[in-house]
Amino acid sequence: CKILVLLLIFTTLFSFVCYADNPIVQTYYTADPASMIYNDTCYLYVTHDEDTTVNNFYTMNEWRCYSTTDMVNWKDCGSVLSYKTFSWAKGDAWAAQCIPRNGKFYLYVTLTNQYGARTVGVAVSDSPTGPFKDALGKPLIANNGAQDIDPTVFIDNDGQAYLYWGNGNAYYVKLNQDMISYSGSIVQVNPKPSGYIEGPWLYKRNNVYYLVYAGMGSNGENIQYATSNSPTGPWTSKGAIMNSKNSFTIHPAITDFKGKSYFFYHTGDLPGGGSYKRSVCVEEFKYNSDGTIPTIPITKT
Ligand code: FUB
């Protein structure tokens with residue numbers, strides 16, 4: 001009986017812990033990583049590639065979350081939100097990012113609305129791992145048919161929050177303190193960051209603002225970045241840091257965690273993987289002494 005209990009404890013623990021080599025998640029096809037540091041833990045929100053060659057496209061219905069305290073052992077926190085939570089959405093649970101504020105967690109997500117337009121929704125929870133609920137009952141961003149995808153959110157030292165997003169062009173708004181509304185109009189970034197396609201990731205380091213994004217590489221997308229002395233630009237191109245691998249798209253997130261810097265992305269590296277069956281990965285890297293980001297090699301272990 002003791003042995004049975006021990007076996008049960010072991011199998012329960014094992015089923016919740018993913019031991020990370022790249023790809024981090026080996027039990028699902030995952031993409032579009034977005035890291036969030038909270039209480040000494042790194043949470044990683046990912047999309048879930050569910051294409052079963054039904055339409056051979058980005059068939060995605062939910063957002064999943066993984067967490068780690070050491071960047072090696074990852075806990076599967078499960079599915080934290082479905083597109084079905086948004087009564088006004090008809091699918092396409094694409095890239096998302098979560099941020100803590102006001103004792104709550106705000107998850108900005110890409111969704112297709114009932115009219116077929118790509119939009120940005122926002123969900124809120126009391127916990128980083130959900131359950132999240134639709135904060136508005138309607139899209140936060142529905143920019144007249146623009147490709148409103150891939151939201152990234154950032155709060156500056158003065159408390160002003162910024163939401164960037166967009167495919168083809170990049171847009172931003174200044175979010176209000178409540179994080180579910182914005183002031184002023186939507187601004188199209190002009191000129192757009194050099195080579196910009198999609199997947200923006202905005203952050204600040206040593207008083208420099210970084211906008212990291214997907215551009216076009218030689219064989220599918222690559223990751224490029226630009227910097228500015230303001231969160232609203234103008235943006236100076238700093239070049240490419242990583243090419244896509246076994247997947248047309250690639251999508252960035254960057255974080256500092258426990259004194260080290262990490263770059264998250266996705267490839268098509270899991271067995272059976274490809275452009276619509278992607279897998280999230282992480283690389284540790286070091287900034288150059290002038291604050292620029294080096295080219296980052298892809299490792300698969
Ligand atoms: O995952 C669906 C879309 O593919 C994302 O929104 C884009 O950034 C690209 O990764």
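Q: How big is the largest pocket?
A: The largest pocket has a volume of about 360 Å³. This is a predicted model, where local features need pLDDT of at least 70 and side-chain atom pairs count only at pLDDT 80 or more, while totals for chains, interfaces and linings use all residues. Residues are numbered from 1 along each chain as its sequence is written, and side-chain values use heavy atoms, with hydrogens and water left out.

Q: Which residues are closest to the centre of that pocket?
A: Of the 18 lining residues, the closest to the centre are S35, Q97, I99, V153 and F154. The elements that give two or more residues to this lining are β2 (30-38), β6 (89-101), β10 (152-155), β14 (198-205) and β18 (253-257). By class, twelve lining residues are nonpolar, four polar and two charged.

Q: What counts as a pocket or a cavity here?
A: On a 1 Å grid over the protein atoms alone, a cavity is a set of points where a 1.4 Å probe fits but cannot get out. A pocket is an open set with protein on both sides within 12 Å along at least five of seven lines, and lining residues have an atom within 4 Å of a point.

Q: Then how many cavities of 30 Å³ or more are there?
A: There is one. The space in the largest cavity is about 50 Å³. Of its 13 lining residues, A96, P151, P200, W201 and H251 are the closest to the centre. Elements giving two or more residues to this lining are β2, β6 and β14.

Q: Switching topic: how many disulfides does the structure hold?
A: Zero (a disulfide is a pair of cysteine sulfur atoms within 2.5 Å).

Q: Which side chain does Y265 join in a polar contact?
A: That of E283, at 2.5 Å. A polar contact is a pair of N or O atoms within 3.5 Å; within protein, one must be able to donate a hydrogen and the other to accept it, and residues adjacent in sequence count only if both atoms are side-chain atoms. Y265 also touches S279, among others, with touching meaning heavy atoms within 4.5 Å.

Q: Is S279 buried or exposed?
A: S279 is buried, at 0% relative accessible area, and lies in strand β20 (residues 279-285). A polar atom of the S279 side chain lies 3.4 Å from the backbone nitrogen of D269.

Q: Last one: what does the side chain of T47 contact?
A: The T47 side chain makes a polar contact of 2.9 Å with the side chain of D32. T47 sits in strand β3 (residues 41-48) and is buried, with a relative accessible area of 1%. Beyond its neighbours within four places in sequence, T47 is in contact with residues including Y29, M60, W63 and W94.

Notes. Points joined across faces, edges and corners; volume = space filled by probe spheres on them. Helix = DSSP H or I, 4+ residues; strand = E, 2+ residues; numbered from the N terminus. Nonpolar A, V, L, I, M, F, W, Y, C, P; charged D, E, K, R; others polar. Buried < 20%, exposed > 50% of the residue type's maximum accessible area, 1.4 Å probe, protein only.
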